[in-house]
Amino acid sequence: MTTTSAASVAARGRSALPRPSRIRTDRSIVRRRVATSLTYAVLIAIAVVYIYPFLINVATSFKTDPDAAADPLSLVPATWSSAAYARLFLRSEFPVWFTNSVIVTICVTAGRVFLNSLAGYALARVDFRGRRVVFAGLVAVMAVPGVVLLIPKFLVINQLGIYDSYAGMIIPLLADAAGVFIMKNFFESIPRSVEEAAKIDGAGTFRTFWSIVLPMARPAVITLVILSFQGSWNELSHFIVSAQSPELMTLTKGVAQLASGALSQGNQYPLKLAAAAIMTIPVAVLFFVFQKRITNASTGAVKE
Amino acid sequence: MSTTTTARRRPRGSGLRGREAAAGWLFITPVLVILGLFLVLPVIMAAWVSVSDWTGRGSPFSGDVGFVGARNYRTLVAEGGLATQDFGTSIRNNAWYVVLVVPIQTAISLFLAVMVNRKVLRGRGFFRTAFYFPSVTSSVAITVLWLFLFSASGAVNKILSYLGAEGPNWFNDPRGVLHVTLSAIGIDQPAGALGAHGFLGITWWEWLAGPSFAMSALILMAIFTTSGTFMLLFIAALQNISGEVEEAALMDGTTGWQRFRYVTLPMLRPTLFTVLTLGLIGTWQVFDQIYTGTQGGPSKTTLTPAYLSYSASFNNGHWGQGAAIAFVLFALIVALTILQRFALRERNTVPRRKRFNQPPPAAGDTPPALPTSTGSQP
Amino acid sequence: MHRPSRTTALTALIASGTLALTACGGGSFNEKSDPAESGATGSGELNILVWTSSDAENDAVKSAVDAWSKDTGTKATVNVASDLVQQLSQGFAAGNPADVFYLGAEVFAGYAANGSLLAYADELSNADDFFPTLRDSFTYDGTFTCVPKDFSTLALIINTDAWAAAGLTDADIPTTWDQLKEVSAKLTTADQVGLTFGAEYQRIGAFFPQAGGAMTNDDGTTATVNSAENVEALTYVKGLLTDGVLKYPADIGAGWGGEAFGTGKAAMTIEGNWITGAMKTDYPDVKYRVVELPAGPAGKGTMQFTVCWGIAADSANQDAAKKLVEALTSTEQQLANAEAFGVMPSVQSAAADWKARYPDQAAFLDGADYAVGVVNAQGSADVISDFNAKLEALASTDPKAILDSVQTNLQAVLDANS
């Protein structure tokens with residue numbers, strides 16, 4: 001809008017007004033062009049700062065150890081070496097970690113979608129006694145910071161006997177008040193007429209939910225899938241407290257221990273960066289596929 | 001909802017309404033059970049452990065575990081021994097982290113949002129993606145990358161050497177940044193009171209040490225990873241500001257900066273509040289990066305309360321103390337959130353000194369709110 | 001009517017859905033938890049927890065355990081923990097700890113005090129063979145609780161190539177503090193620092209007995225951390241740092257002294273026996289020699305480290321565990337370990353043999369005569385890690401201030417114990 005009005009002023013100026021204002025308009029065009037180029041320059045510079053580290057990450061994973069230490073900035077290795085990846089896949093537990101992360105993430109995502117949409121629908125549309133109390137309870141629960149739960153979750157998991165098992169790693173992660181809210185907000189935006197039509201046709205609550213309303217909720221479900229995937233793939237503290245045996249280790253915990261020197265005593269950067277790079281690939285793929293949806297969601301995932 | 005009432009009263013729990021209620025409870029029960037088991041019950045259990053002397057063997061609810069009252073809390077906050085010093089150190093480190101990360105990340109994300117939101121810009125999608133990508137990655141992966149970038153012979157120090165400066169050994173340098181600057185201008189020793197008295201076992205002089213170089217690297221990492229998320233929130237809010245308001249302001253002859261300061265910024269207040277709250281809550285719980293990267297070192301300058309709570313319990317077996325730290329942190333976060341809500345609340349009346357005309361304060365009517373002073377910060 | 005059955009069907013669906021998710025967690029993927037479970041149910045399987053060390057040590061332990069397993073028919077698995085203390089602690093809290101595990105002398109007292117350990121040491125057939133000083137490290141309340149698996153002392157490791165390149169000879173091997181400083185200065189070049197050792201009490205503590213000081217008095221009731229002798233020792237170390245002839249491994253881009261030494265970043269290091277195993281596996285091309293640490297104003301001094309095989313009191317396979325430990329600490333096994341990763345046997349019967357086989361490592365065993373152990377009072381682990389944290393900042397802090405603070409903390413711990 002600013003462009004058009006300014007442009008129309010400029011156009012008028014050129015024909016109708018005397019010379020001095022034309023110089024003024026020419027100058028303002030130049031000023032605007034300079035401002036735009038400046039904006040582009042600043043943005044590109046900042047974008048480089050944001051992207052370059054990841055390029056370094058990938059490049060360094062293909063360098064040899066001394067090369068990585070000697071030449072940290074370059075994006076092209078002096079000698080291409082896949083030793084880091086070989087060590088990672090053949091002589092460490094990395095494949096186990098990857099498998100565990102995949103299993104846990106898929107189960108948690110599926111579980112969350114199912115349970116959150118059920119609960120969200122109930123809160124949004126089903127009239128039952130105590131609905132408001134439950135809602136208030138959910139809000140209160142969301143306020144508890146994660147750090148308070150670190151120790152006690154371990155204690156509870158222990159007492160329930162699911163410590164050091166897939167159940168212990170997956171079930172607690174299914175608790176997701178924020179996801180319930182996302183689904184609830186979405187369901188509230190679906191016109192009641194749809195449901196009323198279904199009820200007149202004789203559908204029960206679950207049937208209405210499952211066959212009619214849920215398919216309409218696809219955008220919200222996709223958002224939930226993205227958030228759950230990201231959340232459980234990148235989760236660390238829960239996996240620290242819920243399992244300890246090496247067969248159950250996930251990517252986050254494994255790479256964290258790699259970083260603090262578990263596989264060997266020494267600074268083997270290409271190895272650690274290779275692990276970090278592979279760890280990032282699934283979320284990156286998900287991100288690029290669903291970019292538009294992620295960047296448009298105003299209630300995005302919060303990184304702590 | 002309730003349609004026109006019929007003459008006869010339907011008993012609750014039967015018929016259509018009753019079935020719907022049952023279905024509703026059924027739908028919500030799994031979520032409630034899981035939340036109850038893994039969110040509510042843990043908090044109760046932690047509360048019990050923090051006032052008991054459980055040593056880590058067997059169940060905390062067993063018969064031999066005794067109630068010790070506020071002993072764990074007292075050791076933590078009042079006694080002045082090693083536990084208090086560690087707790088004070090962790091609070092100090094985290095306080096510097098919060099004070100630096102929250103304002104900077106808010107400012108940068110707002111800046112990026114404004115830049116990316118300009119209408120003339122092409123490639124907006126590319127920039128948004130580039131700035132948001134770090135937020136998508138795992139904190140573990142980013143920490144590993146950061147350890148490499150900021151190592152003694154890493155990329156950052158290489159760049160600094162091109163600029164002529166000698167970069168510090170980032171992740172291993174325990175000196176506080178503020179202390180280093182002060183000693184550069186000659187102030188090495190604390191002045192009297194600063195060195196003699198303290199809080200939570202640490203002298204005031206040490207409170208003012210500033211973040212260490214290692215902590216500073218972590219601060220930069222936090223800003224790098226969270227600015228993208230908040231940028232998106234700001235973009236959404238900016239796009240919600242209707243263009244007519246902007247045009248009206250333009251017609252009034254305001255410059256870009258004035259427009260931003262007096263029109264855009266006040267309308268961003270709710271988002272600003274959200275961003276600040278999320279930032280506060282998130283920064284006080286730093287754990288993943290510490291666990292992966294520095295484990296509290298060098299010299300306990302990256303020790304944070306969340307990590308201290310974990311390490312006191314799992315590594316040192318002081319379960320009661322660990323739980324106590326967690327609750328103190330909880331209280332701190334809640335207090336800060338309430339404080340922030342209070343400080344940033346909408347005021348319905350214009351502060352007295354900003355009123356242009358001062359009608360006598362009678363008859364209970366408030367003076368008209370003038371556009372230039374509504375909601376602007378003093 | 002359909003409705004009631006619909007509600008039932010709905011209930012069934014939700015219930016089965018939730019159960020299916022649990023099954024996702026429970027079922028076929030859960031085979032792993034069985035070994036640990038069976039440890040508690042007494043089916044005879046042993047779960048052994050060790051910490052990460054060099055590949056040489058891990059492999060040696062695994063093969064020893066496998067051999068015993070084959071001989072006796074009892075299944076035993078070795079798990080290498082990336083963070084032994086944390087995993088032990090979680091295991092005990094879960095009521096499901098490992099059966100046999102490494103236990104350092106510093107943390108021994110804590111576990112003994114809360115009843116986690118089985119006091120089996122006196123029941124072994126070789127109980128009297130262990131060195132007396134090592135026996136003391138693992139005696140709690142008068143009972144010899146667990147047996148030391150080996151021990152090491154600190155010595156000075158010198159890179160012979162760098163030594164010759166700096167024009168030094170055998171006569172220049174440092175035997176006093178001043179000589180150490182001179183030699184480190186001569187060895188310091190642009191790419192290589194003369195001396196390196198970790199920023200921790202477990203290294204710097206060797207200088208305290210050399211100056212005549214100690215961390216506590218003889219019966220362990222009073223802390224003597226900030227004695228004048230200790231201050232002298234710490235001031236000397238600070239001097240080395242500020243002169244630039246000593247650098248911590250982290251400051252030169254290495255994870256520990258051995259890595260700094262092996263990669264050529266430092267010409268000398270102070271490390272224990274375990275460095276020989278690491279050098280053989282990771283840095284085979286570096287030629288080195290081992291000499292005793294130089295003497296300080298009050299004479300020679302070094303530190304001694306030992307680790308015991310702890311057996312959990314909750315273990316359901318105590319007999320099997322005892323037999324395993326007895327096999328792992330037998331004379332032959334200890335000599336085999338010494339061969340593999342360079343530690344010294346904890347049994348006296350193997351001492352003469354060891355010295356004969358490894359004359360170039362004699363300095364380590366000679367150190368045993370005057371070595372002091374680490375502080376092992378219950379609760380001292382926190383004080384030591386705080387001490388280590390302060391030592392990282394030694395270059396910019398007053399030594400007396402550091403020692404005063406540790407004195408206060410350690411005295412508080414000793415008072416709490418008495």
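This report describes a predicted model, going through its chains, the contacts between them, and some individual residues.

## Chain A: overall make-up

Chain A contains 16 helices and 0 strands, and of its 304 residues 45% are buried. Among the contacts in chain A that have a separation of 6 or more, 73% are accounted for by residues 24 or more positions apart.

The domain assignment divides chain A into domain 1, covering residues 2-61, and domain 2, covering residues 92-296. Where these domains touch, 4 residues of domain 1 of chain A are in contact with 6 residues of domain 2 of chain A. The side that domain 1 of chain A presents to domain 2 of chain A is made of 1 nonpolar and 3 polar residues, with no charged residues.

## A helix pair within chain A

Two packed helices are described by the angle between their axes and the distance between the axes. In chain A, helix α9 (residues 177-188) packs against helix α12 (residues 218-233) at an angle of about 170°, and their axes are 10 Å apart. Because angles over 145 degrees count as roughly antiparallel, α9(A) is described as roughly antiparallel to α12(A).

On the α9(A) side the contact is formed by G179(A), I182(A), M183(A) and F186(A), which meet A220(A), T223(A), L224(A), L227(A) and S228(A) of α12(A). Sorted by class, the residues of this contact of α9(A) with α12(A) are 6 nonpolar and 3 polar, with no charged residue among them.

## Where chains A and B meet

The contact between the two chains draws 84 residues from chain B and 77 residues from chain A. On the side of chain B that touches chain A, helix α1 of chain B (residues 15-50) gives the most, with 21 residues. That side of chain B divides by class into 56 nonpolar, 22 polar and 6 charged residues.

One helix pair that joins the two chains consists of helix α7 (residues 146-159) of chain A and helix α16 (residues 319-343) of chain B, whose axes come within 8 Å and cross at roughly 160°. This angle makes α7(A) roughly antiparallel to α16(B), and the crossing of the two helices is left-handed. From α7(A) the contact takes V147(A), V148(A), L150(A) and I151(A), while α16(B) contributes W319(B), G322(B), A323(B), A326(B), F327(B), L329(B) and F330(B). In this contact of α7(A) with α16(B) there are 10 nonpolar residues, 1 polar residue and no charged residues.

## The two domains of chain C

In chain C the domain assignment gives two domains that are each made of two stretches of sequence, with domain 1 spanning 43-151 and 305-373, and domain 2 spanning 153-304 and 375-417. Taken over C-alpha atoms, the centres of domain 1 of chain C and domain 2 of chain C are separated by 26 Å.

The contact between these domains involves 32 residues of domain 1 of chain C and 29 residues of domain 2 of chain C. On the side of domain 1 of chain C that touches domain 2 of chain C, the elements that give two or more residues are α3 (55-72), α5 (105-113), β11 (302-311), α15 (331-341), α17 (362-367) and β12 (371-373) of chain C. The largest share of that side, 7 residues, comes from α5(C). By class, that side of domain 1 of chain C comprises 18 nonpolar, 9 polar and 5 charged residues.

## Individual loop residues

Q295(B) is placed in the loop between α14 (288-294) and α15 (305-315) of chain B, and it is partly exposed, with 15 other C-beta atoms within 10 Å. For D141(C), phi is near 55°; this residue is found in the loop between β4 (139-140) and β5 (143-144) of chain C, and with 9 C-beta neighbours inside 10 Å it counts as exposed.

P298(B) also lies in the loop between α14 and α15 of chain B, and it is buried, because 25 other C-beta atoms lie within 10 Å. Leaving aside neighbours within four places in sequence, P298(B) is in contact with N172(B), D173(B), P174(B), A214(B) and E392(C). P298(B) and A214(B) are 84 residues apart in sequence, and in space they are 7.4 Å apart, C-alpha to C-alpha.

Notes: Residues are numbered from 1 along each chain as its sequence is written. Chains are lettered from A and ligands numbered from 1 in the order in which they are written. This is a predicted model: local features need pLDDT of at least 70, side-chain atom pairs count only at pLDDT 80 or more; totals for chains, interfaces and linings use all residues. Domain bounds come from an automatic or database domain assignment. Two residues are in contact if their C-beta atoms, placed from the backbone, lie within 7 Å. Helices (H or I, at least four residues) and strands (E, at least two) are DSSP runs, numbered from the N terminus. Ala, Val, Leu, Ile, Met, Phe, Trp, Tyr, Cys and Pro count as nonpolar, Asp, Glu, Lys and Arg as charged, and the others, Gly among them, as polar. Axes are lines fitted to C-alpha atoms, for helices over the stretch in contact, and angles run from 0 to 180 degrees between N-to-C directions. Angles under 35 degrees count as roughly parallel, over 145 as roughly antiparallel, 65 to 115 as roughly perpendicular and the rest as oblique. A crossing is left-handed if the near helix is turned anticlockwise from the far one by less than a right angle, and right-handed if clockwise. A residue is buried if 20 or more other C-beta atoms lie within 10 Å of its own, exposed if 12 or fewer, and partly exposed in between; C-beta atoms are placed from the backbone.
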